[in-house]
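Reader: I've got a model open on my screen and would like a close look at one part of it. Could you walk me through chain A, and in particular the helices and the loops around them?

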Amino acid sequence: MRELIATSGNGSFKHSELPLLQTLWDSTSLGTLKECPMKYFLQIICGLQSKAPKDALVFGIAFHKAMQIYHYRRAAGAKHDDALEGALNAGIQEFRDPEGNLYLAQKKDRNFYSLCRAIVWHLDHFNDQGFKDDPARTVILDNGKPAAELSFRFYFVTLDGIDFFLCGHFDHLVEFNGQNFVKDYKTSSSLGQNFFDQFFPDNQMSLYILGGQVVYKKRIAGAIVDGVQCAVHFNRFQRGFIQMPQESINEFAEDTEMWIRIAKVYAETGHYPKNEKSCDKYGGCPYREICRSPDSMRLNLIKSHYVTKIWDPSIDREEEHTA
Amino acid sequence: MSETGVTVDLPEGIDDSLNEIFSRDPLHSWSAEDRIRVIQHLRETRKIFAREDQVAKNKGKRANAKGAIKSGGNKNLTLDDLGLGDL
């Protein structure tokens, strides 16, 4: 499987003597490592992605893009309706398949019409009920830009003489009732307490809060999750608050250091064991067929069922969007 | 399938002007006016859904999507058709 390794040119893998060692970590990389080392190897190091449709992912990226443009335009002084039209256009333009054509979703709750409806209903919902007077106010950065879809990166720890960094992308950094929160949009087929419970403890939210504290030198009280329920014929919206004590953030940092130590062992040995207990999580691991196949069959299977798409957290999403 | 090769799955009964807009490739041939028309349509469906939502709440039930469906003209769908099993 060595011939699959695709970290060359990936800005997250820069150690000359340990090419499998990731030195810049985001929540996707870290979360995948925690889930299953073998999945981490296939997805992050080899850059393999299943060819199967990814309705929820394409929908989510387009929805996030629309929200980013809406907040940028509002911060620039645009009225709600003008910003909404621009946001809808941005969401539409992002809703593409790998060939650049309009993405044709298989699921009706994540198709093109549903995307348009989710964007319009969501922005109107919070405008009616108070985007104008939303108590969660977007932090405006020193450069005048709203803290929306904002990339961050910071030095984390040095282990055995190697520097490691953490990074990520905020959907939003807001001030609410005198406290700072990271805010994230999450689409789901259902909302409710179970939906919001999954975000504490949570790898992504903890990293965002830690990142917010380090980069902005402010106490971050927790996370706000703006949930978007996507059904076939309607959307609903619900906001959830995740309060995270400082002790939990400190513990997350200690745990993360240990996970990076473990990743270093994997990189040194070149051995990425399977965690079979994760194979059926989240609807089934997309690499399960690879793990089921004998080693001699894997390359052919990979060539026919997967494409290579490098996940590189070193690429700044804000620059990517605004370039 | 439209001339542009784009097929968009719309609720049945959507009015003709919107069908014409949705039959065109939104990536390349939608104007700002087209998007505004779509926004107006979606606002109408949202109002209808909100009314149905309120009626359902008054009856002590979770709201369903009939309002949005009525705007599409299809009144023969069941709750299962609407994928409301999680409500």
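Author: Here is a walk through chain A, starting with the domains and then taking the helices and loops in turn.

First, some ground rules. This is a predicted model, where local features need pLDDT of at least 70, side-chain atom pairs count only at pLDDT 80 or more, and totals for chains, interfaces and linings use all residues. Residues are numbered from 1 along each chain as its sequence is written, while chains are lettered from A and ligands numbered from 1 in the order in which they are written.

Chain A is split into domain 1 (2-52 + 144-322) and domain 2 (55-134), with bounds that come from an automatic or database domain assignment. Taken over C-alpha atoms, the centres of the two domains are 23 Å apart. Domain 1 of chain A puts 15 residues into the contact and domain 2 of chain A puts in 19; two residues are in contact here if their C-beta atoms, placed from the backbone, lie within 7 Å. On the domain 1 side, the elements that give two or more residues are β4 (148-159), β6, β7 (220-230) and β8 (235-243) of chain A. Helices (H or I, at least four residues) and strands (E, at least two) are DSSP runs, numbered from the N terminus. By class, that domain 1 side has eight nonpolar, four polar and three charged residues. Ala, Val, Leu, Ile, Met, Phe, Trp, Tyr, Cys and Pro count as nonpolar, Asp, Glu, Lys and Arg as charged, and the others, Gly among them, as polar.

Now for the helices. Helix α1 (residues 27-35) of chain A packs against α8(A) at an angle of about 70 degrees, and their axes are 11 Å apart. The axes are lines fitted to C-alpha atoms, for helices over the stretch in contact, and angles run from 0 to 180 degrees between N-to-C directions. α1(A) is therefore roughly perpendicular to α8(A); under 35 degrees would count as roughly parallel, over 145 as roughly antiparallel, 65 to 115 is roughly perpendicular and the rest is oblique. If you want to click on the contact, A:Leu30, A:Leu33 and A:Lys34 in α1(A) meet A:Thr256, A:Trp259 and A:Ala263 in α8(A). That contact comes to four nonpolar, one polar and one charged residues.

Also in helix α1 of chain A is A:Glu35. A:Glu35 has 18 C-beta neighbours inside 10 Å, so it counts as partly exposed. The labels work like this: a residue is buried if 20 or more other C-beta atoms lie within 10 Å of its own, exposed if 12 or fewer, and partly exposed in between, with C-beta atoms placed from the backbone. Leaving aside neighbours within four places in sequence, A:Glu35 is in contact with A:Asn275 and A:Ser278.

Helix α3 (residues 55-75) of chain A has 21 residues and reaches 30 Å from its first C-alpha to its last, close to the 30 Å expected at 1.5 Å a residue. The expected span is 1.5 Å times one less than the number of residues. Just after α3(A), A:Gly77 takes a positive phi of about 105 degrees.

Next, go to helix α7 of chain A and find A:Ile209. A:Ile209 has 25 other C-beta atoms within 10 Å, so it is buried. Setting aside neighbours within four places in sequence, its contacts are A:Val182, A:Ile220, A:Gly222, A:Ala223, A:Met244 and A:Ile249. A:Gln246 is 37 residues away from A:Ile209 along the chain, yet their C-alpha atoms are separated by 9.7 Å.

The loop between α6 (193-197) and α7 (203-216) of chain A holds A:Pro201. The peptide bond from A:Phe200 to A:Pro201 is cis, with omega near 0 degrees. With 13 other C-beta atoms within 10 Å, A:Pro201 is partly exposed. Not counting residues up to four places away in sequence, A:Pro201 touches A:Ser206 and A:Ser248.

Finally, two loop residues have a backbone worth a look. A:Asn177, in the loop between β5 (162-176) and β6 (179-188) of chain A, has a positive phi of about 50 degrees although it is not a glycine. A:Tyr282, in the loop between α8 (246-269) and α9 (288-292) of chain A, has a positive phi of about 55 degrees, and it is not a glycine either. A:Asn177 counts as exposed, with 8 C-beta neighbours inside 10 Å, and A:Tyr282 counts as exposed with 8 as well.
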